[in-house]
Amino acid sequence: MADAVCRVLRDGALEGEHATSLTINDSVDSPFGPTVFHYVFTQLSSFISSGKSQSRGIVLVTFSRSPSITAELLKNRGIDVAGSHEWLRVLDCYTDPLGWKERLKDHGVIKTPLTEASLNVTVCKDVRKLDDLFSQILTLGKGLVGDGKNRFSVAIDSLTEMIRHTSLSSVACLLSNLRSHAQVSSIFWLLHSDLHDLKAVAAFEYMSSMVANVKPLTSENTDKFYLLEQSYKRGEFHASLKRRNGRVRVMREEFSIENSLIKFTSIAYGENAVAQSLVPKVQFNLQLSDKERSDRAKVVLPFEHQETEKSVQIYDGRKSDKHESNGASVEKSKKQEDSGRGEIIYFRDSDDEMPDSDEDPDDDLDI
Amino acid sequence: MASSKVRTSSFSRKVPAAPTSSIPGLKYGPNGTIFLSSGIPDLDKILGGGFHLGSLVMIIEDTEAPHHMLLLRTFMSQGLIHNQPVLYASPSKNPRAFLGTLPATLVSKDDKSIKSDAEQKDLRIAWQYKKYLGENKPPIEERDGKVEYCNDFDLRKPIEKHLIAGNRVECVSLLDCSSLTGIRDSCSKFLSQLPRYDGNITSAGRIAIQSFCAPQCEYYDKEWDMLSFIRSIKSMVRSSNAVAFLTFPASLLSQSVSKRWQHLADTLLSIKAIPDEDKELATLLTGYQDMLGLLSIHKVARFNTQVPVILDATTYSMKLQKRRSLVLECLNQAPVDGASGCSSSSKNTGTLDF
Amino acid sequence: MNRPASLLDNALNLESTQKGRVVLVEDCVETSGAFVLHHLIKRFLSSPNLSSSDSIVLFVAFAQPFSHYDRVLRKMGCNLAAQRETKRLLFFDMLMLECPDDGVEGGLIALYGNIQKAVEVNSSNKNITLMIDDISLLEVAANGSTKDVLNFMHYCHTLTTQFGCTIITVLHEDIYSSGDGFTFPLQMEYLADITIKTEPLITGLAADVHGQLTILNKGMIDGFGSSKGKIHNFHYKIKENNVDYFYPGSRS
């Protein structure tokens, strides 16, 4: 179902609508945020390169990883790197985000940094100027798809770094400008959510039409090292998708890494998360399955006499045993075979008679 | 480590062309390090010989107990006895007044080895007058050609005046420094006047800073300035023949800053007050009545080695022997009273580490 | 002295083909993690497994002077002074480095420039390891500006992809554990491929067990992963010339 997320990105935005956007949240507990990001990136790349998507190109803004790693990744997925010039531009904010290298080079301390030949890379030398960054992204995108009606996608590798260099509001402003630009089809970004306060996380979720959370696997086993071991092999992928009809589609999947490929499998116990959130969360189980319900009905309760098929006459505290046969003052309990339920039919001898309070109400139980 | 603990080597003959080991108040430790005495024989023994030359020693004060002052005094007095230059900084208006409270060496009757024979025969005077003896004679240590590495101090007797007058003692008030550059400069000037290490050490210096992060100091809010000061002191001391001894009340710092300070310390000790008339502790510990407080050793300097020093015990009780000299003792659990059983044991003892 | 690979070496698995990894050592007041650095210096400079003449160590020292490391490593059978002579060890003494308030320029950028210069000179077919012995002190040198330190670390990180450098750093984790919303160790963990934590045992320090190591190896993220375990936990005892690593309870 992670594919569903990718398909929504592929389909892009309708005319006059904001671009589709996806936040991928991860935390340090599960090291697979970047992996999921790259999965989405490569999926979308293959849609774009085969012309199946609304967008005709993709601009990758990379902060936390070198473009060479992206090239490597595309190669591993069997995507033609040489042909990527047609549909991929990389804005490299990783190699020299603050212009240190540029300055050192000018002073003759270091030599020219290597440039990545295999991809079409533009190096950004001051990421603190987000206006410039915005126009650079647009220039690169238009360079791919032209000035017409064709659209392109934007991928931002870690907003976290971007916020570190600037501020939350300016990053949010940049994203909003990108989303509302007519030529942007879809955007997705990665956010290390545990590095930011809830406000920042909420702000970016507000700006996105889809939110994906990468989490460590939940497990009943409480052994610390077992949990760590597991969360370095597998994880959970939670996604919520705001649909056009106003509904929210919630998905949960488990993923694991096999042969350096990420594999998604749906979780068997996937209960409806919305339904769960409507019901108050309690420590014990309030819902019963049908089987549990029928099992419960079969339990013979203490106030039902265990010797079945006998009508039982119970001493009511006022009359001696020999008056038992007096039918008017008998309390009767009967077991109904068909429904499997216990039922007590109770006759009072007169309406104004108050029940005796000084009697032990339980002395009639046969336990 | 065991051999360096033995105190018998603390006596050494002073010969003019002697190897460095005969320099008063210094002795060789393992891994090419040199020890300098803390002024408390027991503490020297626990630390394996004393403080490393070039180390930063930090004491975490207990705001409820003044015992860090005892350590500070003995540390400074020991330096003066050995004719080592001392720099003292404190957050008081007149730090020089503190010098008057430094203790003198203990001259006990049963410890005859310290005294010269002549003194024993000819003069029998009350201890109060001993200080006058010293005024027209060279200090005791040099009189008989013997120098003790570590002295016992009599905490009730002030140090001889000539020791203060005759030595290089600099006093700095931390109140005068609006920024820390002033005190940093005096420290670096102090250290630069010490002879450099060139295979042969001739003398060592001591820097004593009391209650460094006291709130009355102007720099109290500038935690990064304080950190960077400590870091630079540490680096300066490391490359010179000195020991810096710094006490600070950790509770006045935020937890993370306090941890940073603790990381900066080469040797880290802490003081803990002992509750008065605590019946539970009294039954739990032998000698509870005599205890002044507790001294814990958190970190022992690890110079030129990667092996941590693991002590048998990390918490010691501070006591006054004969109401004069400071001794440290391991905590001993009192024998449990047979009648009452062992049920009385401790809700309080969680903090005690035997 | 060709010892079998220790548990630590196996857990780090630095021999694998993947270059350019970031190793983060997190320690605390009770258990210093410096011994991991010593171990790795020795490994890179005089391990028989790597063709050692090809490896260079750049050591940026904030915590201890050269004389200290020289003596420690000498006891482990590795002569740092000689290695420095032959330019296989480049030692940057930063004990007195100060970066004034707006002086990232003179301080951290210059330091980075020197590092990259050294890397460029040695970059031809060599394994370069960059070690920084105390990031927390780098923070003090930068006057508490965590942002500048992170920028500096980011630039160091670019060396891993550009030149295949391995980066090894030490961070005092307990400084940040007071729950005041410090994100610095987390940021460093995101940057790191391998995190090594040293902690005392819950029962405290002992003469036989000096502490425990937990190693988290993200390893495979770029797709070079091996099927080895990613999490390791074992005890250690530090000796002058060596460190013993062993699983809990496996020593009599």
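In chain C, 72% of the contacts with a separation of 6 or more are between residues 24 or more positions apart. Keep in mind that this is a predicted model. Chain C is built from eight helices and nine strands, and 51% of its 252 residues are buried.

Let's start with one helix. H7(C) has 18 residues and covers 26 Å from its first C-alpha to its last, close to the 26 Å expected at 1.5 Å a residue. The helix is mostly covered, with 15 of its 18 residues buried.

Just after H7(C) sits C:Gly164, with a positive phi of about 70°. Its place is in the loop between H7 and strand S5 (166-172) of chain C. If you set aside neighbours within four places in sequence, C:Gly164 is in contact with C:Lys19 and C:Gly20. There is also C:Ser123, 41 residues away along the chain, whose C-alpha is separated from that of C:Gly164 by 8.8 Å.

H7(C) turns up again where the chains meet. Here, 30 residues of chain C are in contact with 33 residues of chain A. Which elements of chain C give two or more residues to that side? They are helix H5 (105-121), helix H7 (146-163), helix H8 (184-191) and strand S8 (231-238) of chain C. H7(C) provides the largest share, eight residues. Sorted by class, the side of chain C that touches chain A looks like this:

| Class | Residues on the side of chain C that touches chain A |
|---|---|
| Nonpolar | ten residues |
| Polar | 13 residues |

Finally, a word on confidence for the partner. Chain A averages a pLDDT of 80, and 75% of its residues score at least 70. Which elements of chain A have the lowest and the highest mean pLDDT? The lowest belongs to strand S11 (residues 332-335) of chain A, at 42, and the highest to strand S6 (residues 184-192) of chain A, at 93. Over residues 323-337 of chain A the pLDDT is below 50, and this stretch has 23 contacts in the model beyond near neighbours in sequence.

Conventions: Residues numbered from 1 in each chain as written. Chains lettered and ligands numbered in written order. Predicted model: local features only at pLDDT ≥ 70, side-chain atom pairs only at ≥ 80, totals over all residues. pLDDT = per-residue confidence, 0-100. Helix = DSSP H or I, 4+ residues; strand = E, 2+ residues; numbered from the N terminus. Contact = placed C-beta atoms within 7 Å. Nonpolar A, V, L, I, M, F, W, Y, C, P; charged D, E, K, R; others polar. Buried ≥ 20, exposed ≤ 12 C-beta atoms within 10 Å, placed from the backbone. Expected span 1.5 Å × (residues − 1).
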